[in-house]
Amino acid sequence: FAIGNAPTALIQLYEMIQEGRIRPELIIGVLWLVNVVQAKELIMTAGVPYIVARGRKGGSNIAAAICNALLYMLDSSRGQR
């Protein structure tokens with residue numbers, strides 16, 4: 001999951017994890033709107049891998065950049081085994 005603009009979505013994701021409804025492989029939470037610090041802190045306690053920009057920094061463009069970087073890393077590692 002990559003969330004860059006909706007603290008309520010990050011909180012809902014946390015609740016779904018706690019209820020055992022989903023188990024994400026990775027959460028990218030880089031939000032910048034109100035209540036972001038609390039939402040990010042919740043995700044960091046969810047027990048799943050995460051990438052979080054601490055504090056009030058972030059946004060959808062940052063979430064997209066992180067996704068792109070991960071995809072480039074995955075693509076560049078192909079054939080190196």
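Read along its sequence, the protein follows the pattern β-α-β-α-β-α, with three helices and three strands in total, where helices (H or I, at least four residues) and strands (E, at least two) are DSSP runs numbered from the N terminus. This is a predicted model, in which local features need pLDDT of at least 70 and side-chain atom pairs count only at pLDDT 80 or more, while totals for chains, interfaces and linings use all residues. Residues are numbered from 1 along each chain as its sequence is written, and side-chain values use heavy atoms, with hydrogens and water left out.

**Overall dimensions and surface**
- Taken along the principal axes, the box filled by the C-alpha atoms is roughly 40 × 30 × 15 Å.
- The 8 positive charges (Lys and Arg) and 5 negative charges (Asp and Glu) have mean positions 7 Å apart, each charge being placed at NZ of Lys, CZ of Arg, CG of Asp or CD of Glu.

- Of the 81 residues, 30% are buried, meaning under 20% relative accessible area with a 1.4 Å probe and protein chains only.

**Contacts**
- Beyond its neighbours within four places in sequence, Ile43 is in contact (heavy atoms within 4.5 Å) with Leu10, Tyr14, Ile27, Tyr50 and Val52.
- Among contacts between residues at least 6 apart in sequence, 58% join residues at least 24 apart.

Notes. Buried means under 20% relative accessible area, exposed over 50%, partly exposed in between (1.4 Å probe, protein chains only).
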